[in-house]
Amino acid sequence: MPPSETTVAEIAAALGFPVEFFSGDNPVEVSPDTASFRAMSRMTATQRSAVFAAGSLAVGLNELLGKHLSLPEAAVPDLRDEDPETAAVALRAAWKIGVRPIGNVIHLLEANGVRVFSLTGEGREVDAYSMWADNTPFVFLNTIKSGERGRFDAAHELGHLVLHRHGSPRGVEAENEADRFASAFLMPAANLSAMAPRVPTVGKLLELKKVWLVSVAALARRLYDLKLTTQWHYEQLCIEISKRGWRTSEPDGIPRETSQLLKKAFIALREMGLTHHDIAAQLRITAEDLDALVFQLVPVVVSGGRTEPATPPADRKHLRLIS
């Protein structure tokens with residue numbers, strides 16, 4: 001039989017959710033069959049639940065934003081019949097970015113209709129994951145990894161979206177394909193080959209890093225895959241990188257990328273009179289859970305009622321209010 005109001009209140013208090021959450025519509029169900037994960041077998045049940053919950057909440061938030069704002073439509077083609085290298089070249093052509101370095105991967109994804117959200121709490125143990133929901137692509141990124149790792153993770157998940165939309169292949173094969181796609185997408189062969197030194201050194205890779213905004217290890221691997229260095233020399237580079245302790249962090253680290261679309265959206269909604277507490281209430285979640293999902297980008301009200309975003313507002317050419 002239905003629980004009493006007292007019981008529901010106790011459940012809500014124990015789980016840290018508003019009472020209203022339990023009377024809302026059933027959220028979209030996210031499962032391993034609809035999302036791409038790395039190392040699923042090593043995830044705990046709690047971690048799986050956390051990242052699935054983030055996916056469900058993100059779909060609900062995206063629907064809410066779509067009621068008030070005109071969001072970019074998805075322009076992510078189905079390239080499952082292509083190999084990763086060819087798919088990366090084809091997508092760059094479709095998105096008209098040629099072979100130049102990508103300034104901001106998250107902004108590029110969002111401009112082409114990919115919704116990007118953050119993983120915190122238990123979800124921080126997961127590097128990233130992606131999924132499709134109602135023909136809308138979603139990517140979820142860990143916020144505590146390095147800037148270089150975040151860019152590669154975003155490109156890796158983009159690889160899943162274009163190569164594995166229909167769920168095949170899965171496992172190690174799919175992850176290897178997504179890695180190859182990310183490498184080719186971030187470091188296109190035509191341009192990198194022209195810039196590559198004849199004998200790559202760690203110092204030279206640090207110089208190239210400033211151009212391509214990827215890790216030294218990723219650059220070394222890409223040069224090897226393109227046969228621009230020998231296996232022996234690649235292994236020596238890996239040894240040198242490891243000796244310097246650059247597996248987790250390295251010199252000239254780049255800033256962590258964040259969402260531009262969500263920042264613009266919350267500023268626009270605030271100007272419409274909708275605070276992040278109002279948005280959280282409509283989603284029947286806490287404001288803290290909302291913040292954790294959106295890179296902590298919710299604008300803050302300062303003296304005089306003025307709204308101050310975490311960073312200066314950018315051009316809104318991809319975002320339009322719906323009256």
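**Close-up 1. Arg-92, a buried arginine without a salt bridge.** In this predicted model, Arg-92 lies in helix 3, which spans residues 84–94 (helices, H or I of at least four residues, and strands, E of at least two, are DSSP runs numbered from the N terminus). Arg-92 is buried (under 20% relative accessible area, with exposed meaning over 50% and partly exposed in between, for a 1.4 Å probe and protein chains only), yet Arg-92 has no salt bridge (a side-chain nitrogen of Lys or Arg within 4 Å of a carboxyl oxygen of Asp or Glu). The nearest side chain of opposite charge, that of Glu-85, is 9.1 Å away (Lys and Arg count as positive and Asp and Glu as negative, while His and the chain ends are not counted). The side chain of Arg-92 does reach the backbone oxygen of Gly-98, at 2.9 Å. Leaving aside residues up to four places away in sequence, Arg-92 touches several residues, among them Ile-97, Val-99, Phe-185 and Pro-188 (contact means heavy atoms within 4.5 Å).

Residues are numbered from 1 along each chain as its sequence is written, and side-chain values use heavy atoms, with hydrogens and water left out. Because the model is predicted, local features need pLDDT of at least 70 and side-chain atom pairs count only at pLDDT 80 or more, whereas totals for chains, interfaces and linings use all residues.

**Close-up 2. The buried and exposed sides of helix 12.** In helix 12, residues 276–283, the buried residues are His-276, Ile-279, Ala-280 and Leu-283. They cover an arc of only 100° around the axis, which puts them on the same side of helix 12 (the arc is that of the directions from the helix axis to the C-beta atoms). On the other side of helix 12, His-277 and Ala-281 are exposed. The buried residues of helix 12 pack against helix 2 (45–68), helix 11 (261–271) and helix 13 (287–293). Just after helix 12, Arg-284 takes a positive phi of about 60°.

**Close-up 3. A cluster of Phe-117, Tyr-129, Phe-138 and Phe-140, linked by ring pairs.** Across the whole structure, a search finds 9 aromatic pairs (rings of Phe, Tyr and Trp, the last by its six-membered ring, pair if their centres lie within 6.5 Å; planes under 30 degrees apart count as stacked, over 60 as edge-to-face and the rest as tilted). Phe-117 and Phe-138 form a stacked pair, 6.1 Å centre to centre with 20° between the planes. This pair links distant parts of the chain, with Phe-117 in strand 3 (residues 115–119) and Phe-138 in strand 5 (residues 136–142), 21 residues apart. The rings of Tyr-129 and Phe-140 have centres 4.6 Å apart and planes at 10°, so that pair is stacked.

Notes:
A polar contact is a pair of N or O atoms within 3.5 Å; within protein, one must be able to donate a hydrogen and the other to accept it, and residues adjacent in sequence count only if both atoms are side-chain atoms.
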